[in-house]
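Biologist: I am new to this model and would like a close look at one part of its surface. Could you take me through it slowly?

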Amino acid sequence: MEKERIDTRPEGITLLAALFWILAILALVSSLFMMGTKDAIIEIMEDQPEVTEEIIDLVDSVLLWAGIIIFILAIFYIITGWGLWTLKSWARIAAIVLAVISLLSFPIGTIIGIVVLWYLFKPEIKKAFHQ
């Protein structure tokens, strides 16, 4: 028995790929902002007498690592968006993982994550990725 083949990308997948690319841009901007303003924030903190060196070091590390993690996440969004656009079988799984991660970003990320998960588990969408 031959599998039914979908020759065109569903419109929802096109929108989802675009959404992932927009999220990637926002993540890149956020990441660069965190890492770019880190020194200015530390400088302001150093002028405050009640702020200890330990707190300054903690804030410095948190901003650096948050920026790095968000930058890596942006790369995953870009790659997953491309995979969705080209209907790569791995892209659906990657999008599900990113949607689950977005559930932690209450409230907007949670709503987006729920909608993306609902859409990616529809039978016709599953079929589009299993050609």
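Modeller: Happy to! This is a predicted model, where local features need pLDDT of at least 70, side-chain atom pairs count only at pLDDT 80 or more, and totals for chains, interfaces and linings use all residues. Residues are numbered from 1 along each chain as its sequence is written, and side-chain values use heavy atoms, leaving out hydrogens and water.

Phe76 counts as partly exposed because its relative accessibility is 46%; buried means under 20%, exposed over 50%, and partly exposed in between (1.4 Å probe, protein chains only). Phe76 sits in helix 2, helices being DSSP runs of H or I with at least four residues, numbered from the N terminus.

Phe76 also belongs to a nonpolar surface patch of about 1,000 Å², whose members include Trp21, Leu32, Phe71 and Trp90. Helix 1 and helix 2 are the elements that give two or more residues to this nonpolar patch, and helix 2 provides the largest share, eight residues. Patch residues have over 30% relative accessible area and no salt bridge, and nonpolar side chains (Val, Leu, Ile, Met, Phe, Trp, Tyr) are joined within 5 Å, like charges within 9 Å. Areas come from the Shrake-Rupley method with a 1.4 Å probe, and for residues only the protein chains shown count as cover. A salt bridge is a side-chain nitrogen of Lys or Arg within 4 Å of a carboxyl oxygen of Asp or Glu.
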